[in-house]
Structures are given as structure tokens and as C-alpha cells.
Amino acid sequence: MTRCFSFSEAMNWYHRSTFVKLGLRSTITDLNDGTVMHCWVPDAPAATKPNLLLIHGLGSNALWQWGDVIAHFTPCFNVYVPDLVFFGESFTSRPERTESFQAQCVMRVMEAHSVEKFSLIGLSYGGFVGYSIAAQYRDAVERVVVCCSGICMEEKDIREGLFPLSDLEEAASILVPLKPDKLRKLVDYTFFRPPPVRLIPDCALIDFIDSMCRDYVEEKKELIRAIPKDRKLSDIPKITQPVLIIWGENDRIFPLELGHRLKRHLGNNACLAVIKNASHACNVEKPKEFVKVLKSFLMDRQLPPATTRLQIFGTCDLTQERDDKGRGP
């Protein structure tokens with residue numbers, strides 16, 4: 001039987017073509033420990049450009065999560081876009097499931113491509129990984145952007161009802177959807193004004209699930225379970241790089257309280273930008289505001305003034321730089 005047209009595969013092709021046109025190439029790095037990492041890297045990195053690492057979250061691969069915004073950054077940065085372990089073409093036979101392990105794998109990819117210093121942006125789960133990279137490799141990371149990532153959550157927050165979904169297994173079944181109804185719930189939770197997924201036929205949603213969610217299902221759920229396990233605010237390191245925290249005002253995956261908590265935890269070297277009328281997928285719902293605040297922080301070394309659609313918390317000095325020995329400010 002001839003296979004029907006796959007919209008998901010067509011989008012994969014489109015995003016891959018976009019990455020290639022922007023001067024990126026697909027690479028595989030064998031870490032020689034049972035781990036293989038896929039990463040999009042510059043075909044010809046320019047010594048005059050700074051380096052930027054883009055780290056995706058759960059739900060899909062790096063292509064889908066960065067495909068719509070990457071063109072804003074390739075003219076000014078050497079951009080590196082890895083697939084985290086168990087996403088895309090990255091995998092491991094090792095038992096580790098922590099964001100610390102993910103961070104070490106990504107850093108080894110950067111080292112394999114001779115990238116010594118870089119800034120990074122982490123979306124949701126990617127923010128956990130990016131924060132861990134900044135904490136473990138302080139001299140390599142210059143600036144950090146954390147987007148809707150509950151880094152300062154504690155295990156007790158689940159028991160005390162901070163999250164709309166207090167059942168971790170139910171949350172995992174939604175974040176790694178295998179049925180159309182779970183995918184619809186995921187969209188409802190991640191968008192302030194969800195697109196009309198209830199009108200999309202099951203076959204179209206199954207096409208996305210088959211393309212993005214069928215591989216390494218249990219391993220991805222183990223990644224989710226590992227996030228809150230024994231997690232305490234007092235154990236979370238305070239990174240010293242300039243940090244921009246971006247949050248959707250109406251986030252239902254990681255409530256805004258966690259953004260304010262991270263700002264308090266980091267103090268004056270962090271600022272919180274809250275995007276109005278947006279939820280967890282604020283990068284998709286409000287792409288103009290999202291890109292604007294990123295460019296201001298990464299390129300202009302400042303933040304745009306607060307507007308009716310963007311609220312800034314914090315007065316940190318975002319112009320601070322490292323000295324020539326790599327020490328933080």
C-alpha cells in the first residue's frame with residue numbers, strides 16, 4: 001500500500017533545507033562511551049563571529065524547535081544546534097538520565113568542534129541542560145538564556161500542588177504523547193491561545209507522533225522523572241554569567257513563580273523578561289517579542305524597555321564581560 005503524504009516529514013525536509021541554506025551542516029560525534037551525538041554546526045565558522053549554542057526542549061527535535069528563529073542568529077553568530085540524547089539522531093547506551101549528563105554530552109560535542117567560548121539559549125528542558133553547562137563549564141560559557149525552564153523547582157513542589165499536573169506519570173504521558181488525545185492536551189497546556197487541534201483529524205496527529213515521539217519513549221520519560229528527583233533549591237548552584245530569563249506570563253507547564261524564584265536565586269546578574277498573553281511555548285506564540293529580547297541581550301548587551309507585551313524584572317548590568325583569563329564578572 002502506498003504511504004499517504006506525511007506533513008511531519010515534509011516539515012522535516014523544509015527545516016533541514018533551511019539549516020543547509022543558512023550555512024549549517026549535519027554532523028555525528030561518537031563520544032566512544034556508548035553515546036552518539038548529532039549536531040548542526042557551521043559549515044565554515046567565522047573567527048570574527050561569537051559562538052551561540054541553541055538547546056531544544058521536549059516534544060520534538062532541534063530542527064522543529066529552532067527552525068523558525070535560527071535565521072535571526074546565523075548572520076551574527078556561529079550557531080551550533082545539537083539534538084539532545086534520545087532526540088533526533090542522538091542516543092546513548094549508558095544509564096544516566098540527568099541534565100548534568102546531557103550537559104556533559106553537549107559540551108563534548110562543542111569541544112570536538114574546537115569551540116572554546118560560547119553563549120547559549122535553552123528552551124524548557126533545554127534550559128535545565130544549558131544551566132548545567134554554565135555551572136559545570138563556567139570558563140566556556142559567556143551568556144545564558146533560560147526560557148520557561150523550572151530550574152528552581154523542588155521535588156516538594158509537585159506534592160504541594162504548584163503544577164496543574166501533580167501526577168508525574170500523567171505529565172510524562174502528555175509531554176511524550178503517544179495518542180492524539182495526549183497530543184491535544186500537550187498543545188492546550190503549552191499555548192495561551194491554543195490552535196484548533198481539536199479540529200485536526202487523528203490521522204494528522206498520529207503522523208506527527210510517528211515522526212517525533214515513537215523513538216526512545218521510556219528513555220524520554222526517564223529524563224522527565226529525573227528532573228524533580230531529590231531536587232532542592234539549596235543544592236542548585238548559582239551561575240555567575242549574565243543570565244536572561246524569559247517566561248510566558250500564563251505558563252501552565254512551569255508556572256511563572258519559578259521564573260521569579262530563579263531571578264531571586266541568581267540575584268543581580270539575572271533579569272526576567274515576562275511575555276504577556278503567552279504560555280510555555282512563548283517562542284512560538286510571540287516570536288517577535290521573543291527574538292527582540294534575545295537580540296537585545298545577546299547582541300546589544302541590554303534589554304528593550306518594558307512594553308504592554310513585555311515586562312522586565314531586574315536591573316542587572318548586562319554589559320559586564322569576562323577578562324582575558326575567562327573569569328566571570
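Lys and Arg count as positive here, Asp and Glu as negative, with His and the chain ends left out. On that count, the chain carries 41 positive and 41 negative side chains, and the centres of the two sets sit 4 Å apart. Keep in mind that this is a predicted model. Some of those charges pair up: the structure holds 19 salt bridges.

**Overall build**
- You'll find 12 helices and 10 strands in the chain. Its radius of gyration is 19 Å, close to the 20 Å from the globule rule for 329 residues, so the chain is as compact as a globular protein of that length.
- Along the principal axes, the C-alpha atoms fill a box of roughly 65 × 45 × 40 Å.
- Of the 329 residues, 56% count as buried.
- Carbon and sulfur atoms own 52% of the accessible surface, which comes to about 14800 Å².

- Arg225 pairs with Glu169, with the closest N and O atoms 2.8 Å apart. Arg225 is in helix α9 and Glu169 in helix α6, so this pair ties together parts 56 residues apart in sequence.
- Arg225 is partly exposed at 25% relative accessible area, and Glu169 is partly exposed at 41%.
- Glu170 meets Lys185 at 3.9 Å, N to O. Here helix α6 is tied to helix α7, across 15 residues of sequence.

**Strand, loop and network**
- Asp43 bridges to Arg25 at 3.6 Å between the closest N and O atoms. Asp43 is in the loop between β2 and β3, while Arg25 is in strand β1.
- Asp43 counts as exposed at 52% relative accessibility, whereas Arg25 is partly exposed at 37%.
- Asp33, Arg94, Glu96 and Arg108 join up in a salt-bridge network.

Note on methods:
Residues numbered from 1 in each chain as written. Predicted model: local features only at pLDDT ≥ 70, side-chain atom pairs only at ≥ 80, totals over all residues. Heavy atoms only, no water. Helix = DSSP H or I, 4+ residues; strand = E, 2+ residues; numbered from the N terminus. Rg over C-alpha atoms; globule rule 2.2 N^0.38 Å. Buried < 20%, exposed > 50% of the residue type's maximum accessible area, 1.4 Å probe, protein only. Areas by Shrake-Rupley, 256 points an atom, 1.4 Å probe, with all protein chains shown as cover. Charge placed at Lys NZ, Arg CZ, Asp CG, Glu CD. Salt bridge = Lys/Arg side-chain N within 4 Å of Asp/Glu carboxyl O.
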